Amino acid sequence: MASSSKPIPFIEENYGLAFHQSMQQLVDEIHKETLNLSHFINVFYRLMQSKVDPPIETIWIYSALSFRSRKKANQDLSDHILIVKELFQLISRCSGPCSASKSIALLAPVVFQVYNLVVELLGKDLGARRVKKAAKEAKSLIGEIIGYVSVCCGKDVSKESDSNLSVSFLDLASLWIDGNDGLKGFLPLTSDEIYKEISVGGSTVANLAGVVISEVFLLKLCLDLRIGNRGEALEKELRSWIVGSITGLQSFYFFETLVRMLLEPALPVTSLLKRKKLEKWRKSAKNDRKVIGSVICPNHCPNQAEAETWRQQTEVIGPVICPNHSQKLPKSLAEIA
């Protein structure tokens, strides 16, 4: 997907000017609803390649325009999976030198495309051999994304400098959305409240990263509930995976996003779960949300006996996630206690 010609580096003092001018020209074309934006691919490729740690917008725009040039009008499941895999590889390759939060936040369009793939998959005959194969590939891809996120979360985040997007989130999201689809669909597994915060510019890159992790987390669970094993074995397997994920990821923004969604009256997974499984999900979420809160911050534990069992399972990770307890605990989580 990348251009084969060697990019000419921008002079440092001119980079900011070139970046903002290119962004403004692109935004103007987006507002004009220009369909062909391929002439911007080389521009943003140069902007991306001219910085060791390029602005998140350059990678996002370059990958979006490259993806649009590869996307087919009438693609089957296998084509869809292949293109989404290529997108994931492209973004993960381009974000190699970036911080953990930026690398994860950049995956938002990948998760959006995987969500569309899963919706398409669940609309097929799940008993068909071709669909079974596609489902296996989709689960494998989600596993690869979770593995990548886990590696990113293992980086030292103490020296990260968080920032806001320099361009409207809605303008960036519009590059991935077809004209007739609402922009809310770009973060399909996010609550309305969280989406509004992000869309009006009230969210940082680290917050967006937390949302992306939560969406991948929910995608994995929903797909397993729909096409996984049945009965108690599945529940035991998923509960074990949830505990392992919470222990391994140790992302405060992920926990905050997940618990905020659990506190909502409705979960944003209705498009992926059947009614019976959705009711089961809600019941499980109601029982577990207090426990999840105690993992994030043991000093705000509503049920000491339950939390103690959970803490033993998760190797007492609470102090790692929230060392200052009440000083860093968000209001939404404090309400659990």
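Modeller: Helix α12 (residues 252–262) is largely enclosed by the rest of the structure, because 10 of its 11 residues are buried. The model is predicted: local features need pLDDT of at least 70, side-chain atom pairs count only at pLDDT 80 or more, and totals for chains, interfaces and linings use all residues. Residues are numbered from 1 along each chain as its sequence is written, and side-chain values use heavy atoms, without hydrogens and water.

Biologist: Why is Ser92 called buried?

Modeller: Buried means under 20% relative accessible area, exposed over 50%, and partly exposed in between (1.4 Å probe, protein chains only). Ser92 has a relative accessible area of 18%, and is therefore buried. Ser92 belongs to helix α4 (residues 77–94), where helices are DSSP runs (H or I, at least four residues) numbered from the N terminus.

Biologist: Which residues in α12 are buried?

Modeller: Among them are Phe252, Glu256, Arg260 and Leu262.

Biologist: What makes a space the largest cavity, and which residues line it?

Modeller: On a 1 Å grid over the protein atoms alone, a cavity is a set of points where a 1.4 Å probe fits but cannot get out, and lining residues have an atom within 4 Å of a point. The largest cavity is lined by Ile146, Val149, Ile213, Val216, Phe217, Trp241, Ser245 and Leu249. Two or more lining residues come from each of α7 (129–153), α10 (205–227) and α11 (232–249). Its volume, the space filled by probe spheres set on the points, is about 60 Å³.

Key. 1 Å grid on protein atoms, 1.4 Å probe; cavity = no way out; pocket = protein on both sides within 12 Å on 5 of 7 lines; lining within 4 Å.
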